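Hi everyone, thanks for making time this morning. I'd like to walk you through one model, so please have a look at it with me.

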Amino acid sequence: YRARKDHLSTGFLGVNHLLPALTEAGHADLAHQLLLTEDYPSWLFPVTLGATTMWERWDSWHPEKGFSDSGMNSFNHYAYGAIGQWLIEQVAGLRGDDSPDGVGYRRIHVRPTWGALDHPKAITRAEARIATPRGPAASAWRIENGEALLEVTVPPDAEAEVRISCAAENAARVTAGPTDGIATSWADGEFRARASSGHWAFRIPVQMEIP
């Protein structure tokens, strides 16, 4: 993708795995850059042309070529909309736990990522909320004054595992509050916190995103 100047070269069968795989492999910056690209082919190319729905093709309509093949050219098609799952689970960072003990959002995971912050249209805030059987679960973060402020809501009778990429020597610089009902540690390049039900706030120096 670097060779293609941060442009996509995938169809709908593979594109849903692309940004999650890049993020899990430690390339959140590249994943964000791919999302923020505006010229063809990209997610935002249709948006620059006024699209308010997800197209079936990267170029369902093109200023120079006009309409693509009418045999497969829906202008309201979810094929590339799988990007929404990445935005919720890996940008906002909110997802359930699929283990037997996590059924019904008894456990939730919060592991947000930010990247490509030098991009003029970088994502500097994200929020996701899920209406669980136990009540609302939420993750919201914003970048301001050189740090990220992450707020996490854990429903009653539930717990959350919060993970934030950082170097070991900087883990102590992450602040979490309130201090009661939360346990923190560092392992495998991540600050980790296990929080009971309630509302929690974390402050993270932005430069710690890439250890």
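Let me start with a question: are Phe191 and Phe202 buried or exposed? Both Phe191 and Phe202 are buried, where buried means under 20% relative accessible area, exposed over 50%, and partly exposed in between, with a 1.4 Å probe and protein chains only.

A quick word on the ground rules. This is a predicted model, where local features need pLDDT of at least 70 and side-chain atom pairs count only at pLDDT 80 or more, while totals for chains, interfaces and linings use all residues. Residues are numbered from 1 along each chain as its sequence is written, and side-chain values use heavy atoms, leaving out hydrogens and water.

Now, the aromatics. Rings of Phe, Tyr and Trp (its six-membered ring) pair if their centres lie within 6.5 Å; planes under 30 degrees apart count as stacked, over 60 as edge-to-face and the rest as tilted. By this rule the count comes to seven aromatic pairs. One of them is Trp58 with Tyr80, a stacked pair at 3.7 Å centre to centre, with 5° between the planes. This pair links distant parts of the chain, 22 residues apart: Trp58 sits in the loop between helix 3 (44-48) and strand 1 (61-62), and Tyr80 in the loop between strand 2 (66-67) and helix 4. Helices here are DSSP runs of H or I with at least four residues, strands are runs of E with at least two, and both are numbered from the N terminus. Trp58 and Tyr80 are both buried, and together with Trp43 they form one aromatic cluster. Phe191 and Phe202, from my opening question, also pair up, this time edge-to-face, at 6.4 Å centre to centre and 70° between the planes.

On to the helices. How do helix 1 and helix 4 run relative to each other? They are roughly parallel, a label for angles under 35 degrees, with over 145 counting as roughly antiparallel, 65 to 115 as roughly perpendicular and the rest as oblique. The axes of helix 1 (residues 12-24) and helix 4 (residues 83-91) come within 8 Å and cross at roughly 30°. Those axes are lines fitted to C-alpha atoms over the stretch in contact, and angles run from 0 to 180 degrees between N-to-C directions. Contact means heavy atoms within 4.5 Å, and helix 1 brings Leu19, Pro20, Thr23 and Glu24 to meet Ile83, Trp86 and Gln90 of helix 4.

Let's stay with helix 4 a moment. Ile83, Trp86, Gln90 and Val91 are buried there. Seen down the axis of helix 4, these buried residues fall within an arc of 80°, so they line one face of the helix; the arc is that of the directions from the helix axis to the C-beta atoms. The buried residues of helix 4 pack against helix 1, helix 2, strand 5 (125-132) and strand 6 (135-144). Just after helix 4, Gly93 takes a positive phi of about 85°.

Finally, some backbone details. The peptide bond from Tyr40 to Pro41 is cis, with omega near -5°, and Pro41 is in the loop between helix 2 (28-36) and helix 3. Another cis peptide bond joins Gly177 and Pro178, with omega about -5°. Although not a glycine, Tyr105 has a positive phi of about 60°; Tyr105 is partly exposed, at 27% relative accessible area.
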